[in-house]
Amino acid sequence: MATKKGNCYVRGCSKTEGSFHLLPKDEKTTEEWLKFIYGEVPRIFNPNLRLCSAHFTEDCFLNMGEFKSGFSNKLILRKTSVPTLKGATTKSPLPKPSKPQFCNVHCQTESKCSSRGTQLGAKTLAPKVRSQGTQTSDDLASAEIVASTALGGGQPFASTTARKGPTKQPGFKREEDLDETTTEATEPTSQPVTTATESSQHSDASGSAHEDLKFIVFEKCLLELFKHCPVCARVCDVMPQRRGTLFAVRQRCPHCQYFRQWRSQPSSGSIPLGNLQLAASIYFTGSSYTQLEKVFTAMNIATFGYRTFRRYARTYLEPAVICKWKKEQDEVLEFLSPNKVMLGGDMRAESPGHSAKYGSYTLMNLESNKVIDIQLVKSNEVGGSNNMEKEGLKRCLDLLRRKDVEVDYIVTDRHPQVQKFLREQKIQHFYDAWHLEKGLIKKLTKIGKEKDCELVQKWVRSIRNHIYWTASSSTSGPEKLAKWQSVVNHMQDVHTHDHPLFPQCLHPEPASEKKVKWLQPGSKALYKVEKVLLNRRVLKDVEKLSSNHRTSAVEAFHSIIHRFAPKNVVFPYTGMLSRLYLAAMHFNENSDRPPKRTLEGRPGYKLLFPKNKKGGHTVKVGKEQATYCYAFNLMKMLFEEVLPDPSPYFEEVLRIPIPADLSAQYEQPLMEEVVA
């Protein structure tokens with residue numbers, strides 16, 4: 001603890017003013033103090049004895065910088081400080097805190113200074129430029145630059161204008177700075193106190209700024225910190241400025257000419273890192289800028305505009321996402337290249353119907369449930385949205401050939417163009433049972449609503465289960481066909497069949513003799529059901545049903561895409577491609593999450609009521625919470641690799657062939673002609 005007045009207990013020291021320090025509470029440190037004063041530790045001593053600051057070195061104090069600058073009038077010792085200085089005790093080696101004095105340097109003009117003020121512009125708050133020796137006028141639009149130095153405050157500064165920031169890289173647009181000083185000035189006879197806080201320093205290297213904790217701060221609470229001058233404690237002129245989430249403050253005291261500037265966040269070049277990180281957080285997590293803007297507007301939180309968000313996305317975010325996905329994809333394909341892979345594929349249109357603008361074809365490794373490729377096709381590339389699925393699959397298989405990945409077989413839906421293409425490529429092709437079941441159940445449900453066919457409704461669930469059982473329990477195409485055809489006999493209460501591969505049903509004999517459920521031979525219901533189930537195309541497709549794998553994981557991935565690229569939002573080609581890659585990274589990271597368990601260690605089940613079951617229920621085992629490590633890795637890559645030098649990443653994006661707009665094939669009239 002420090003006191004202002006007292007007597008120093010060191011023999012020969014006559015100092016009676018300044019900072020005096022009581023004995024520390026730590027016993028070992030107290031013994032060191034007593035040895036310094038008496039040469040040994042006496043058995044009896046005054047517990048309230050004091051030592052002045054002259055007996056301690058400068059590194060023993062916590063606030064030496066503030067004391068020298070005049071911001072503190074007493075020194076604070078560290079807890080483990082020990083006195084070591086005994087000589088020259090009649091005069092303190094430490095500076096006496098008082099109002100700083102200044103002298104002119106390099107000043108060859110008269111006391112009346114002439115200056116020319118111009119409008120502030122983009123480089124006043126440039127990186128690594130301290131505002132030492134800067135005198136500003138009350139008007140924010142003008143400034144005068146002077147050079148000064150305090151007595152004992154280090155080397156004098158030469159008169160100079162504000163240094164320009166780092167050179168901009170060609171081809172990249174950066175935001176303008178808050179203001180720019182381009183004035184000339186001469187040195188006045190008296191110099192102001194000028195400082196710049198550490199938080200206001202600009203840094204070209206972002207470092208770990210993106211890992212710092214952020215807070216919501218109210219404007220009035222923040223401006224309270226700059227209301228009074230730290231030198232003379234009188235009211236200052238405070239000039240706040242804002243750009244996006246960046247809040248900058250200029251503080252000038254009209255009485256003692258103290259001046260400083262402060263920024264709420266660091267910058268890289270002319271880019272506030274807070275603005276860039278907020279845009280990256282929106283983009284990498286698949287969020288919407290429009291929705292976040294509504295939240296910020298409701299809370300009256302300052303943020304940047306949509307144009308700034310898109311500029312960040314084009315220049316930094318999308319190149320980072322694309323390069324990150326390409327790197328991870330190359331590693332996966334290199335791992336798969338020695339072996340044959342079992343694939344599942346399907347296309348997702350960005351809008352329903354036959355007028356889709358984009359189609360994204362997904363190719364997934366069915367053994368690991370990982371997305372290995374996703375291709376984006378624009379409808380005007382292939383002459384219409386009907387041809388997008390075949391083109392997407394073709395591009396995926398071309399990539400696998402270039403990477404020397406051999407395909408064992410592929411499971412898809414029953415798209416006719418895909419069937420023909422894979423047959424020509426001599427690739428083994430199987431159909432997903434869910435796609436067949438979806439079409440058949442839809443037709444049977446419609447039949448069950450007709451007159452004299454109500455009994456069909458009772459068989460819909462059994463036929464659905466029979467489709468999956470036929471696919472999973474069979475080892476060959478003819479066996480699947482035999483089991484499938486047996487369902488028509490089973491619905492008539494006939495359980496022996498003519499086919500040698502499946503001569504009779506495997507279930508036990510029915511216990512009930514009631515004929516309420518069975519279909520009667522020659523009835524209208526049986527005729528319509530038999531026409532649907534034994535259709536020639538259906539029999540051909542049943543024979544090629546996949547026995548081991550489904551494309552349900554691909555459908556689950558498509559539901560993830562809805563979160564990153566909703567169908568009711570229009571995205572540019574590169575933006576759509578980047579969001580597809582983000583969805584793939586999110587899915588690959590969370591596809592093999594462990595099941596969620598209760599506190600007792602039992603699986604955590606969830607009871608669900610899906611819409612397609614029409615009142616029925618299903619039970620699923622819940623999974624652990626999804627993780628977002630890919631977003632953190634992208635954020636680290638953005639600030640440590642992309643932001644310092646975005647050129648190679650941007651060049652990677654430029655190599656992507658971007659198709660023309662859909663309206664490019666039409667002649668656009670002049671606005672004057674349309675309005676007239």
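**Asp432**

I started with Asp432 in this predicted model and found it in the loop that joins strand E18 (429–431) to helix H9 (433–448). Is Asp432 buried or exposed? I looked it up: Asp432 is buried, and yet has no salt bridge. I then checked for the nearest side chain of opposite charge, which is Arg550, 4.9 Å away. A salt bridge needs the charged atoms within 4 Å, so I left that pair off my list.

Next I asked which residues Asp432 touches. Leaving out those up to four places away in sequence, I noted Val411, Thr412, Leu545, Arg550 and Thr551.

**The sheet with E18**

I followed E18 into its sheet, which is open and has 5 strands. I wrote down the order as E16-E15-E14-E17-E18, and the pairing is mixed. Strand E16 (370–378) and E18 are at the edges with a single partner strand each, so one side of each has no neighbour in the sheet. I also jotted down the twist, which averages 25 degrees from one strand to the next.

**E15 and E16**

Strand E15 (residues 358–365) pairs with E16 in the antiparallel sense, over 8 bridges. What is the bridge partner of Thr362 in E16? I found Ile374 there.

**Helices on the sheet**

Last, I looked at what packs here. Helix H6 (residues 306–336) lies across strand E14 (340–349), E15 and E16, and I have it running at about 125 degrees to E16. Helix H7 (residues 388–402) also packs on the sheet, where it touches E14, E15, E16 and strand E17 (406–412). For the direction of H7 against that of E16, I noted about 130 degrees.

Key. Residues are numbered from 1 along each chain as its sequence is written. This is a predicted model: local features need pLDDT of at least 70, side-chain atom pairs count only at pLDDT 80 or more; totals for chains, interfaces and linings use all residues. Side-chain values use heavy atoms; hydrogens and water are left out. Helices (H or I, at least four residues) and strands (E, at least two) are DSSP runs, numbered from the N terminus. Buried means under 20% relative accessible area, exposed over 50%, partly exposed in between (1.4 Å probe, protein chains only). Lys and Arg count as positive and Asp and Glu as negative; His and the chain ends are not counted. Contact means heavy atoms within 4.5 Å. Two strands pair if DSSP finds at least two bridges between them. Axes are lines fitted to C-alpha atoms, for helices over the stretch in contact, and angles run from 0 to 180 degrees between N-to-C directions.
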